[in-house]
Structures are given as C-alpha cells and as structure tokens.
Amino acid sequence: MYRRIVTAFGTAVLLAPALLAQGPSAPLTQATKAQFDEVKGYLAKTAQKVPEDLYSFKPTADVRSLAEIIGHVADANFAICAAAAGEKAPASNFEKGKTSKSDLVRGLNDSLAYCDKVFANMNDQKGVETVKFFNGNQTPRIAVLAFNNSHCNEHYGNLVTYMRLKGIVPPSSERSGM
C-alpha cells in the first residue's frame with residue numbers, strides 16, 4: 001500500500017514544478033485536503049452517531065472494538081500528520097487508554113483539527129519536500145498526508161461494517177438513503 005501511494009504521488013511530484021510555475025495555486029495540496037475533508041466528516045459523524053453502548057462492540061474476538069478503531073485513528077492522525085509537518089507527534093494514547101465515547105470523540109476531533117492545522121501550513125512547494133516516514137524512508141510531505149487519507153478511509157470502512165452489523169446507516173450513505 002505504501003509503495004502504491006508513493007508511486008502515485010511520484011507522478012504528481014514530477015508534475016509539481018510545472019504546476020508551481022503556473023502560479024500560486026496548490027492543486028496537489030488542495031486535492032489531498034479535499035479528500036481528507038470528506039473522510040474527516042465521515043469519521044467525526046460516526047464517532048458522534050454511534051451510541052456509547054456500542055463502543056465496545058467487536059464483530060469477532062480477534063479484531064479491534066469500535067472504540068479501539070476510533071482511538072487508533074486518532075493516535076495515527078497525530079503521528080502521521082506530525083510526520084508530514086516534520087514535528088514531534090503530540091502525546092496521545094486513545095486506542096489503548098480511552099474507552100468512553102466522550103473521550104474518544106474529543107480525541108478524534110482534536111486529531112482531525114491537528115491535521116487541518118498541518119494542511120493549513122502546507123502548499124505544493126512544501127508538499128514535495130521530503131521528510132522521514134516509515135522505517136526512515138524519505139517521503140514527500142504531501143504523500144505522507146495522502147497516506148493518512150488512505151489510513152482514515154481504511155478504518156472508516158471497518159466502522160461502516162460495524163455500523164451495518166448493528167443496523168446503523170453510515171454517514172457516507174445517509175444522503176443516498178442506502
């Protein structure tokens with residue numbers, strides 16, 4: 001998965017100098033942020049929508065609970081977005097340290113706001129600069145943020161399954177009535 005993201009963004013990075021020469025717009029950053037905004041909304045609505053008594057729900061014993069997934073996403077948002085910013089990740093321990101809906105909703109929302117702050121300080125020129133990411137690999141900042149989008153979408157998919165199993169319509173299906 002990491003290799004696919006880097007390959008996709010490698011193509012975009014090659015085009016970045018030409019795009020930057022055209023003016024101050026930031027098409028790579030804007031597109032990546034738009035994708036984040038979509039999944040961010042779904043995650044925040046999910047955390048709020050699911051009743052607290054289902055936060056401990058696990059479809060099988062060998063998977064994360066709904067609360068653990070939300071906590072995992074919060075922890076990962078802080079870590080991945082901090083990597084993109086070249087910062088030390090804010091301390092967080094939501095996956096293993098929190099179980100209440102209020103704590104997890106707050107932690108998720110704080111992590112989403114942190115990523116928004118990183119995006120607010122990003123542009124295409126900065127986005128093509130590399131930072132250390134997994135295993136110390138040098139990765140363009142915007143590719144790190146794209147990886148976070150993929151990670152968020154992956155776990156939103158898990159949450160969709162959990163909600164469907166409990167008869168809850170996921171936020172991404174609310175508009176279409178599916």
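The following legends describe close-up views of a predicted model. Local features need pLDDT of at least 70 and side-chain atom pairs count only at pLDDT 80 or more, whereas totals for chains, interfaces and linings use all residues. Residues are numbered from 1 along each chain as its sequence is written, and side-chain values use heavy atoms, with hydrogens and water left out.

View 1. Helices are DSSP runs of H or I with at least four residues, numbered from the N terminus. T29 counts as buried because its relative accessibility is 6%, buried meaning under 20% relative accessible area with a 1.4 Å probe, protein chains only. Leaving out residues up to four places away in sequence, T29 touches F119, M122, N123, D124 and I142; contact means heavy atoms within 4.5 Å.

**View 2. Helix α2 beside helix α7 (residues 141–165).** The two axes, lines fitted to C-alpha atoms over the stretch in contact, with angles from 0 to 180 degrees between N-to-C directions, come within 9 Å and cross at roughly 25°. The helices are therefore roughly parallel, a term for angles under 35 degrees. Among the residues that meet are T29 and L43 in α2 and I142 and L145 in α7.

**View 3. The largest nonpolar core, with 46 residues.** Such a core is a set of buried Ala, Val, Leu, Ile, Met, Phe, Trp, Tyr and Cys residues joined through side-chain atoms within 4.5 Å. L43, Y55, I70, V118 and L145 have the most contacts inside this core. Its largest share, 14 residues, comes from α3. Beyond its neighbours within four places in sequence, V118 is in contact with C81, A84, A85 and L145.

Key:
Buried means under 20% relative accessible area, exposed over 50%, partly exposed in between (1.4 Å probe, protein chains only). Helices (H or I, at least four residues) and strands (E, at least two) are DSSP runs, numbered from the N terminus. Angles under 35 degrees count as roughly parallel, over 145 as roughly antiparallel, 65 to 115 as roughly perpendicular and the rest as oblique.
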